[in-house]
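Please read it with the sequence and the model side by side.

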Amino acid sequence: MSAFIKRNIKNKGARKRKQSTDSDEAEEETPSVVVTQDKRKKTNPNVQSTSALKKKPTNLAGDDSSHSSEDETSVLVSFKSKRSAQAEGPRDQGATAELEIETEKDRDAQAIYQKSIDINKELEGKEDDKVYRGLNNYTQFYKKKDSAQGNAASGMVRKGPIRAPANIRSTVRWDYQPDICKDYKETGYCGFGDSCKFLHDRSDYKHGWQMEQEGSGSGHNHGNDDSDGDDTKYEIHSDDDELPFKCYICRESFVDPIVTKCKHYFCERCALAQYKKSTRCAVCGVQTNGMFNPAKELIARLKTREMEEHNSDNRSYQWKIVQEATMSSEPDAKRAKLTEELQQAAIKAELSEIRSILGDEFTQPTPLVEVYIGSVKENRHLSQLVPALSRTLPIGNLQHLKRVNRDGTIIVAPVEQLTEQLKSQSNGADSHDEQDTVESRLSRFLRSEGLEAAIVDGLCAKLKVVSVPATQPLLRWQYEAANRLWPCKFHPNRHNEALHTNTLFGPVEGSQHRRLMDICLQLSAHFESRPFGMCVNPHRGARIAAIGSGRSEQHPIWHCPMVLIDMVAVSQNGGIWYRKPDGANDRRADGFVYGGIDERYERFIRDRYGNDASVCLGAEPTRTGASDGIDRGNASDREPHDDNLAKYGPYLCTGYDVYLTHEPCIMCAMALVHSRVRRVFFHQPTVRGALGTLTKLHTVKDLNHHYEVFRIG
């Protein structure tokens, strides 16, 4: 009999415990604690999940007090999702936030006043209940009436202090150059003109730290800079190279230049002739659709170049004649007289042309607008189609156009107007669906208005977009260009045609204007080359009423036109700067007033033009209602102010012609408007001129008075 014993092989490879000594046995009597260390788990940053709350093990009896303090300070926080994708805060990112620094709207003076009105309205017609409702709510026995702006408590009729706007954010700008005019520096224009007390400078200066920063950042090696060998940095690029000087089609100088949307320049006639052949650009082939805009930049550049050439020719001519007089072998007295005569001949040579300064509506082509046009299969359908279109699709501001063209095509409506009106005719399909086109919606619209299907189908079958004149032509050349695009109405105006062709004045009247301008130029040449001006009464045989010269170095607003207007006021017993003492009588034996003419200027004119009977001096005196007996034309041809001038005499510069040596600035041009002048003639354009250089102030339609402007020279 044999017996098997199962051997326990658990922990077979474990190390045996050494036999402890007595000291070790003493240490084993103390209780021991086994601390298990948690293994740090590697987390994936791409996976995000909510971690479950872990139960912390309870502290054993022998644990330190530090663990209990850590449990007290640790706080477990959980967040509950709102299940919404909207961001926190206002939806408009604070764009409509209000600055709440004023009194609450329900407690301000307006709210108290509104409450008082409501309480009085509630108690109206009832007995006094002896209830005190506050200082502001006493019974009002006088009811304030509503005004045209609104009722008494509306926002238009405010009560109490005005509430500051709460939707305006104020910005602060530190001005490191308080002596520079900010309007002129940023825009190149200042409403005060030469009278502005700040410096007009548009140049930019860098501070020292900016230059050092650029020098250090750009990698300059002091002493090893070889950028001097680069010749390109000394090149000056001109803007003239960017604009052409000849038309691409006719190869000639530009005549009424226009520019396409692809930035190519042509003559107006060349562009219209090319458009008849092809609607694409003659240079790059881009589709133009007949949209030609005035080339304002090119026109200004051509005018500047023409002005520079004219001035250079005049200077060279004057230098030539003065040089001839200087090199002459005549005596000094005779040589000085010869020089003066040659200068007078040079001045008269400059006054060869009188050119009118017209507004852009006369000098530019008629603007264009796109319209839809269609046609009918039979001409007899036009009698039914035209009244229906006039009723359902009126053309509005295009009344100057004929609805039906010579070839039978008919204007349906402007593109913008038809697109807006046909929005309601969309069948609800996708905008890219071929079924929902302009033709289909127009067809449904016209059929709903009662038109026959045959007429509608014929009209919508050949629907296309063309460009037509947007406004009525004012001159003959505009009408000829517009009539090539579409038949339009035109009412010729002989006066405007004469202004455009510079044929308004005949030989006699033209020589008279040149003589008066010659007087201004002679005065300027004799008196320190100052700007001069004269006011002339054309109803008294071109009699000079006042003469003024510019002295802006003495006063910032003493420009020539301003001084001239004040001298006119002096001749009418007024004035500010040159006012005569009370009781002074400047009326002479010939019956005219000489208060507006300085004695030095009068003496010079009489010495120089004494034998010329056409040069007359003296202003017309004021009257108290008696007629002057001057024939001013038929009653139908007279202007409204002519009758007042006949009764009461001159008023400011009403009916006067003004002659100036230099083009006036904006301030002076507006002063001439307020003075009610009739016409303005000037000789020399200026940099800040307001009658053709910077702007054409006399053509602004919003002004209550307009005058004609001419340049002599």
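1. Helices (H or I, at least four residues) and strands (E, at least two) are taken here as DSSP runs and numbered from the N terminus. By that assignment, the chain over residues 175-203 is 21% helix and 0% strand, with its end C-alpha atoms 16 Å apart. UniProt positions are given in the numbering used here, feature names are shortened, and annotations may be inferred rather than shown by experiment.

2. A word on the basis of these remarks: this is a predicted model, in which local features need pLDDT of at least 70 and side-chain atom pairs count only at pLDDT 80 or more, while totals for chains, interfaces and linings use all residues. Residues are numbered from 1 along each chain as its sequence is written, and side-chain values use heavy atoms, with hydrogens and water left out.

3. The UniProt feature "domain: RING-type", again from an unreviewed entry, is placed at residues 247-284; this span is 26% helix and 16% strand, and its end C-alpha atoms lie 14 Å apart. Strand S1 (residues 257-259) is joined to S2 by three bridges, the two strands running antiparallel, and Pro257 stands opposite Cys267 in S2. Two strands are said to pair if DSSP finds at least two bridges between them.

4. The open sheet to which these strands belong has three members in the order S2-S1-S3, with antiparallel pairing. Strand S2 (265-267) and strand S3 (293-294) are at the edges and have a single partner strand each, so one side of each is left without a neighbour in the sheet. Helix H6 (residues 268-277) lies across S1 and S2, running at about 95° to S2. For such angles, axes are lines fitted to C-alpha atoms, for helices over the stretch in contact (heavy atoms within 4.5 Å), and angles run from 0 to 180 degrees between N-to-C directions.

5. Strand S5 (residues 368-374) has two partners to examine. With strand S7 (residues 464-469) S5 runs antiparallel over six bridges, and Tyr372 has Val465 of S7 as its bridge partner. With strand S6 (residues 410-414) S5 pairs in the antiparallel sense over four bridges, and here Val371 stands opposite Pro414 in S6.

6. Helix H12 (residues 438-448) and helix H13 (residues 453-461) have axes that come within 10 Å and cross at roughly 155°. That makes H12 roughly antiparallel to H13, given that angles under 35 degrees count as roughly parallel, over 145 as roughly antiparallel, 65 to 115 as roughly perpendicular and the rest as oblique. The contact is made by Glu439, Leu442, Ser443, Leu446 and Arg447 of H12 and by Ala453, Val456, Asp457, Leu459 and Cys460 of H13. These residues divide into six nonpolar, one polar and three charged, where Ala, Val, Leu, Ile, Met, Phe, Trp, Tyr, Cys and Pro count as nonpolar, Asp, Glu, Lys and Arg as charged, and the others, Gly among them, as polar.

7. The axes of helix H16 (residues 507-526) and helix H18 (residues 599-609) come within 11 Å and cross at roughly 115°. On the H16 side the contact involves Asp518, Ile519, Gln522, Leu523 and His526, which meet Tyr601, Phe604, Ile605, Arg608 and Tyr609 in H18. By class, the contact of H16 with H18 has six nonpolar, two polar and two charged residues.

8. Which strands make up the open seven-stranded sheet, and in what order? The order is S4-S13-S12-S11-S8-S9-S10, and the pairing is mixed. Strand S4 (354-356) and strand S10 (616-617) are the edge strands, each pairing on one side only. S4 is joined to strand S13 (residues 708-712) by three bridges in the antiparallel sense, with Ile354 opposite Ile712 in S13.

9. Helix H17 lies across strand S8 (532-537), strand S9 (543-549) and strand S11 (657-662), running at about 135° to S9. The axes of H17 (residues 560-571) and helix H20 (residues 666-674) come within 8 Å and cross at roughly 25°, and the two helices are therefore roughly parallel to each other. Pro561, Met562 and Ile565 of H17 make the contact with Met667, Cys668, Ala671 and Leu672 of H20, and by class this contact has seven nonpolar, no polar and no charged residues.
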